[in-house]
Amino acid sequence: MAEHARDLSKTLLLSGNEAIARGAWEAGVRLGSGYPGTPSSEILPALVALGDVYCEWSVNEKVALEVAAGASVAGARCIVTMKHVGLNVAADPLFTMAYTGVEGGLVIISADDPSMHSSQNEQDNRNYARAAKVPMLEPSDSREAREMTMRAFELSEEFDTPVILRPLTRVCHSDGLVEVGERQEVGLRGDLAKQPEKYVMVPAYARKRRVEMAERIARLVALAEEDGGLNREEMGDRSLGIIASGVAYQYAKEAFPEASFLKLGMVWPLPPERIRRFAAQVDRLFVVEELDPFLTEQVLAMGVAVEPVDESSRIGELTPERVREMVTGEKQPPAQAEAGLPPRPPTLCAGCPHRSVFLALRRLKAFVTGDIGCYTLGTLAPLEALHTCLCMGAGINEAHGIQKVRGHEAPVVAVIGDSTFTHSGITGLVNVAYNAGVSTVLILDNRTTAMTGGQVHPGTGVTLSGLPGRELDFEKLADA
Ligand code: SF4
């Protein structure tokens, strides 16, 4: 994408991630922060390539969101990128930022991974939008990824709220034609005035902001009812009506091109009157969505009858065939391209240095608490060396817990990579030292974030922009 960075006012073939970067750049974003995680990792490098924007790999998603929170208070438009599980790490600031609101527009990219192509779970982050009371947009393709990113900045500033954009793996990593424009030069908003009632969330101020949040949500619902750009009706054959958003809309459109659609670009909050009106115009109404019955439950709660679908459709990615099956109840043959393809599960590279570590741990008959990274693949045959792998940074803490209740019954070894150690392993190590733990911790330091494509981190001493940064010394840290 770098060679197109100054190639303005034309149509480009962009991945969803590149389109998000492009939309942010055109919207005048001044700061991008994030932590690499498939399928979101390419957004910030694409933004760096476009120029004019300060970007950083922060040590984890919570830090990334808090850096952006500061820049937003200072009046700058900011984008924060992460994969779906990263939002768990960033949830603490997210829930309170919904109260404080923003100064400069703040857009959070939560790239979700149905079917767990490269993730430990397939949580549906639409639930975060409702729980945190933050509007969420869901693009269906690269074109919408750019447009919705730009719109998200406007909504963020107009409604004084962070906005979550939720692209799925198939949007992030698919290419599509995108009409691009020039970068808007957006100045810093406000004058950094002291506003404790807005930005210091002690109970007395938070209670007032809670009421303002409710008013904001009501205004967002009114927008969702009227806005033809975010949500739209596509009336066709009225014997079948489908409510869908994001990639699920594409599958449903391919499966039933003649049907009537209510395509939702904003998946929270929803427009009840619009949904009721649409439902009244069709004979049978289906909600086609991947993972949780997030839209279905809300539509049912509006008193709108929705046709039931098989619960098995709630697991994994949909396809046009699965959507046909959901609606007709008839088993569909798999798509031609899928039939007969050999499975290609991820595996450690042939010469990966982690292999010998796991071989040694197996020989020691160690109980190995693993972590998230390439080395998680040490669980596969023939190494089969891991006993646990829970989430980023958990391995050190699990080893500590095991040691506290089992003592020296078996050798327990925590295995963690260098990037994951800086993400959330350091706090675990501090906890072990503080609580007189004696766990063995192996930091597999290959000086990169290998699993997600070789991104830099504090241990490498190089920043995302390629500038020298202070290099974290793991040995000195462990000594301390
Ligand atoms: S990319 Fe991952 S699996 Fe391959 S050699 Fe590097 S650490 Fe090992």
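V415 stands opposite L442 in strand β16. Strand β15 (residues 412–417) and β16 run parallel and are joined by five bridges. This is a predicted model, in which local features need pLDDT of at least 70 and side-chain atom pairs count only at pLDDT 80 or more, while totals for chains, interfaces and linings use all residues. Residues are numbered from 1 along each chain as its sequence is written, and side-chain values use heavy atoms, with hydrogens and water left out. Helices (H or I, at least four residues) and strands (E, at least two) are DSSP runs, numbered from the N terminus. Two strands pair if DSSP finds at least two bridges between them.

**The three-stranded sheet**

- Strands β14, β15 and β16 form an open sheet in the order β14-β15-β16, with parallel pairing.
- β14 (367–369) and β16 (440–444) stand at the edges with a single partner strand each, so one side of each has no neighbour in the sheet.
- Helix α15 (residues 354–363) lies across β14, β15 and β16 and runs at about 160 degrees to β16.
- Helix α16 (residues 394–406) packs on the sheet and touches β14, β15 and β16, where contact means heavy atoms within 4.5 Å.
- The direction of α16 makes about 170 degrees with that of β15.

**The seven-stranded sheet**

- A further open sheet has seven strands in the order β3-β2-β4-β5-β7-β6-β12, with mixed pairing.
- β3 (54–57) and β12 (266–268) are its edge strands, and each pairs on one side only.
- β6 (residues 136–137) and β12 run antiparallel and are joined by two bridges.
- M136 stands opposite W268 in β12.
- Helix α7 (residues 142–159) packs on this sheet, touching β4 (78–83), β5 (106–111), β6 and β7 (163–165).
- The direction of α7 makes about 170 degrees with that of β7.

- Apart from its neighbours within four places in sequence, I108 is in contact with L65, V80, M82, L87, L94, P162, V163, I164 and L165.
- I108 and E254 are 146 residues apart in sequence, and their C-alpha atoms are 29 Å apart in space.

- In helix α12 (residues 272–280) the buried residues are R274, I275, F278 and A279.
- Seen down the axis of α12, these buried residues fall within an arc of 135 degrees, so they line one face of the helix; the arc is that of the directions from the helix axis to the C-beta atoms.
- An α-helix has 3.6 residues a turn, so residues three or four places apart point the same way.
- The buried residues of α12 pack against α10 (203–226), β9 (232–234), β10 (237–245), β11 (259–264), β13 (284–288) and α13 (294–301).
- Strand β13 is mostly covered, with four of its five residues buried.
- β10 and β13 run parallel, joined by five bridges.
- L240 stands opposite R284 in β13.

**The ligand shell**

- Which residues surround the ligand?
- The shell consists of L348, C349, C352, H354, C374, N446 and A450, where a residue is near a molecule if one of its heavy atoms lies within 4 Å of it.
- This shell divides into five nonpolar, two polar and no charged residues (Ala, Val, Leu, Ile, Met, Phe, Trp, Tyr, Cys and Pro count as nonpolar, Asp, Glu, Lys and Arg as charged, and the others, Gly among them, as polar).

**Backbone features in loops**

- The peptide bond from W268 to P269 is cis, with omega near -5 degrees, and P269 lies in the loop between β12 and α12.
- The peptide bond from A381 to P382 is also cis, with omega near 5 degrees, and P382 is found in the loop between β14 and α16.
- S115, a residue other than glycine, has a positive phi near 75 degrees.
- S115 sits in the loop between β5 and α6 (126–132) and counts as partly exposed, at 30% relative accessibility.
- A436, a residue other than glycine, has a positive phi near 55 degrees.
- A436 is in the loop between α17 (418–434) and β16 and counts as exposed, at 56% relative accessibility.

Note on methods
Buried means under 20% relative accessible area, exposed over 50%, partly exposed in between (1.4 Å probe, protein chains only). Axes are lines fitted to C-alpha atoms, for helices over the stretch in contact, and angles run from 0 to 180 degrees between N-to-C directions.
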